[in-house]
Amino acid sequence: MFRTMAILFVLTFIPALELRFSIPAGMLFPDALRLRPVSWPAVVAVCTLANMILGVLVFEVLGPVFTFVRRWVWFERKIWPWLERTRMRLHPYVEKYGELGVAVFIGIPLPGSGVYTGAFGAYLLGLDRRKFMVANLVGVLIAAAAVTVLCLGVARGFVGPDSVWARLFLKQH
């Protein structure tokens, strides 16, 4: 069981996939990854915790990374001004919506959203550490809940081509 949980933890760290991949992998396809089946609450707990930790790590690493790369003249001349302009354009939205906007962005389980891009955006927009931690926690919980509900729906036959939803809403030939 420890091996399965460790693999799910590591899978959650994959950029662009995060818990949107690791929860379904653990709940629906453990055999495909040669994992031992474990209870779905354990899968969700491990993947959610890993995604929360990931968000914190990414946010904390961005400061030193940007300090380092700003030493390079090409980055300072070409990239940094673009990032600053983007920051200034988006800053009013952060003032208006604050961490709630970042939380919703992190929580939407779609490609391009998640803790990697949420942490990057929060850092660029100057969100302080405490506000990001709140946004990260809420956003990851939203994403975990959405993905878990979808996986449970698939596992119980409510979602899919022969599901209750398909029979109700799709035209049968």
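**Surface and fold**

Author: The protein exposes about 10600 Å², and carbon and sulfur atoms supply 71% of that area. Accessible areas come from the Shrake-Rupley method with a 1.4 Å probe, and for residues only the protein chains shown count as cover. This is a predicted model: local features need pLDDT of at least 70, side-chain atom pairs count only at pLDDT 80 or more, and totals for chains, interfaces and linings use all residues. Residues are numbered from 1 along each chain as its sequence is written, and side-chain values use heavy atoms, leaving out hydrogens and water.

Reader: How many helices and strands in the protein?

Author: 7 helices and 0 strands. Both are DSSP runs, numbered from the N terminus: helices are H or I with at least four residues, strands are E with at least two.

Reader: What percentage of the residues count as buried?

Author: 38% of the 173 residues. Buried means under 20% relative accessible area, exposed over 50%, partly exposed in between (1.4 Å probe, protein chains only).

Reader: Which residues form the nonpolar patch on the surface?

Author: Val134, Leu137, Val138, Leu141 and Ile142, with about 360 Å² of accessible area together.

Reader: Where is valine 134 found?

Author: In helix 6, residues 129-155. Valine 134 has a relative accessible area of 34%, so it is partly exposed.

Reader: New topic. What box do the C-alpha atoms fill?

Author: Roughly 60 × 40 × 30 Å, taken along the principal axes.

Reader: And contacts?

Author: Among contacts (heavy atoms within 4.5 Å) between residues at least 6 apart in sequence, 73% join residues at least 24 apart.

Terms used: Patch = residues over 30% accessible without salt bridge, like charges linked within 9 Å, V, L, I, M, F, W, Y side chains within 5 Å. Salt bridge = Lys/Arg side-chain N within 4 Å of Asp/Glu carboxyl O.
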